Amino acid sequence: MRRLAGAVCALLLAACGSGEQGSAPALAPVAAATSGAADTAPAGMARYDGYGDLRFGMDEKAFADAWKGELTRLGPPGQACFYQTPKWAKTPSDFAFMFEGGRFVRYDVGTLKETAPGGGKIGMHAEQIRTLYGARASETPHKYLPGGRVLRVTAPQGMGVLVFETDAQGRVTRWRAGVPPQVDYVEGCG
């Protein structure tokens, strides 16, 4: 950790001492080198029609074949609706894939590591979400959180939908992507 801090400080000092405008991007490789692939989500995987190579509507076998990684099933076998979490998710609330009727129908995100298709993220203000997604974003009161909002964004094409949940201060606390009606289930599989 001390080596990393020293390397970052050295890069910052070098950038400050240089008269070149292009010195700042030198920080990107250091940041990329600090995260291990095994414990972080791949960047840029979120899509309106799925996640990475996974597409909404895939059956469980096709999903597992495309994922090629370890998944933990949440809930007993035989349930019509259940979640699976990837190995890198620290908790199910960080990231989980929803299945209903044997098909992949949604994924839920509660971590800053993921960016939604179109650029939405946890921590953004509702106004920023409305600006990013324009007329495709509609807003309703949150079912359970007084003052909270739900911003629903339709895909530019196709059936995919994004749903952003905000707190009473208007900050995004969670988001999910999926297909109707499952993407609109407030309680998840509950």
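**Strands and sheets**

For Glu100, I found Arg103 in S7 as the bridge partner. I took helices (H or I, at least four residues) and strands (E, at least two) as DSSP runs, numbered from the N terminus. I counted two strands as paired if DSSP finds at least two bridges between them.

I noted that this is a predicted model, in which local features need pLDDT of at least 70, side-chain atom pairs count only at pLDDT 80 or more, and totals for chains, interfaces and linings use all residues. Residues are numbered from 1 along each chain as its sequence is written, and side-chain values use heavy atoms, with hydrogens and water left out.

Next I traced the open sheet of eight strands and read its order as S4-S5-S6-S7-S11-S10-S9-S8, with antiparallel pairing. Strands S4 (71-74) and S8 (137-141) are at the edges with a single partner strand each, so one side of each has no neighbour in the sheet. Neighbouring strands here are turned by 25 degrees against each other on average, direction ignored.

I then looked up helix H3 (residues 60-67), which lies across S4, strand S5 (81-86), S6 and S7 and runs at about 155 degrees to S6. Contact means heavy atoms within 4.5 Å. Axes are lines fitted to C-alpha atoms, for helices over the stretch in contact, and angles run from 0 to 180 degrees between N-to-C directions.

Last, I checked the open sheet of three strands, S1-S2-S3, which is also paired antiparallel. S1 and strand S2 (residues 50-51) share two bridges, and Arg47 stands opposite Gly50 in S2.
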